[in-house]
Amino acid sequence: FSRQMLDVTTFLAPLRATVAYFIMYYVFLYLQSMVAHVQYYYAKKKAAKEAEDRGEKAQRVPFSKVKYEVASYDKLALMCHRTVGNTMEQAIPFLSALWLHAIFVSPESAAYIAW
């Protein structure tokens, strides 16, 4: 490796792509959490209305039930779960390929391909 190759500025483009990947991942995590909380709000509201219609006190709706069981029938929750799972699943191959290409071939072309 030459001295120029070890210069940090050489790898700024792939570093930006890596940071963008993690920002995207955390946005997906936030959306997954937000959808779970919205679904929880609607489940509580629905349970309260059903209990009111029966003249009973509303039963507590467990958050874990909403978070883990709603994805089986709600398309938005399922999409969020799969998006996070697929992003995490592809992180290792994507980032490994990005950085191997940046180190051994060209940092500019690696960043171009990543974007």
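**View 1. K49 and D53, one turn apart in helix α1.** K49 and D53 sit four residues apart in helix α1 (residues 12–54), so about one helical turn separates them. (Helices are DSSP runs of H or I with at least four residues, strands are E runs of at least two, and numbering starts from the N terminus.) This is a predicted model, where local features need pLDDT of at least 70 and side-chain atom pairs count only at pLDDT 80 or more, while totals for chains, interfaces and linings use all residues. Residues are numbered from 1 along each chain as its sequence is written, and side-chain values use heavy atoms, with hydrogens and water left out. The two side chains join in a salt bridge, 3.5 Å from N to O; the term asks for a side-chain nitrogen of Lys or Arg within 4 Å of a carboxyl oxygen of Asp or Glu. K49 and D53 are both exposed (exposed is over 50% relative accessible area, buried under 20%, partly exposed in between, with a 1.4 Å probe and protein chains only).

**View 2. The R54 and E56 salt bridge.** The structure has two salt bridges, and here R54 meets E56 at 3.1 Å, N to O. E56 comes out as partly exposed, at 47% relative accessibility.

**View 3. Y25 against Y26.** Six aromatic pairs turn up across the whole structure. Y25 and Y26 make an edge-to-face one, with 5.6 Å between centres and 75° between planes. (Rings of Phe, Tyr and Trp, the last by its six-membered ring, pair if their centres lie within 6.5 Å; planes under 30 degrees apart are stacked, over 60 edge-to-face, the rest tilted.) Y25 is buried at 14% relative accessible area, whereas Y26 is exposed at 54%.

**View 4. Y40 and F63, bridging two helices.** With centres 5.1 Å apart and planes at 85°, the rings of Y40 and F63 are edge-to-face. Y40 belongs to helix α1 and F63 to helix α2 (residues 63–69), so this pair ties together parts 23 residues apart in sequence. Y40 is buried, at 19% relative accessible area; F63 is partly exposed, at 26%.

**View 5. A ring cluster.** Y21, F22 and F94 are linked into a cluster by ring pairs.

View 6. (Areas are Shrake-Rupley values with a 1.4 Å probe, and for residues only the protein chains shown count as cover; patch residues have over 30% relative accessible area and no salt bridge, with like charges joined within 9 Å and nonpolar side chains, Val, Leu, Ile, Met, Phe, Trp or Tyr, within 5 Å.) Y42 lies in helix α1 and is partly exposed, at 49%.
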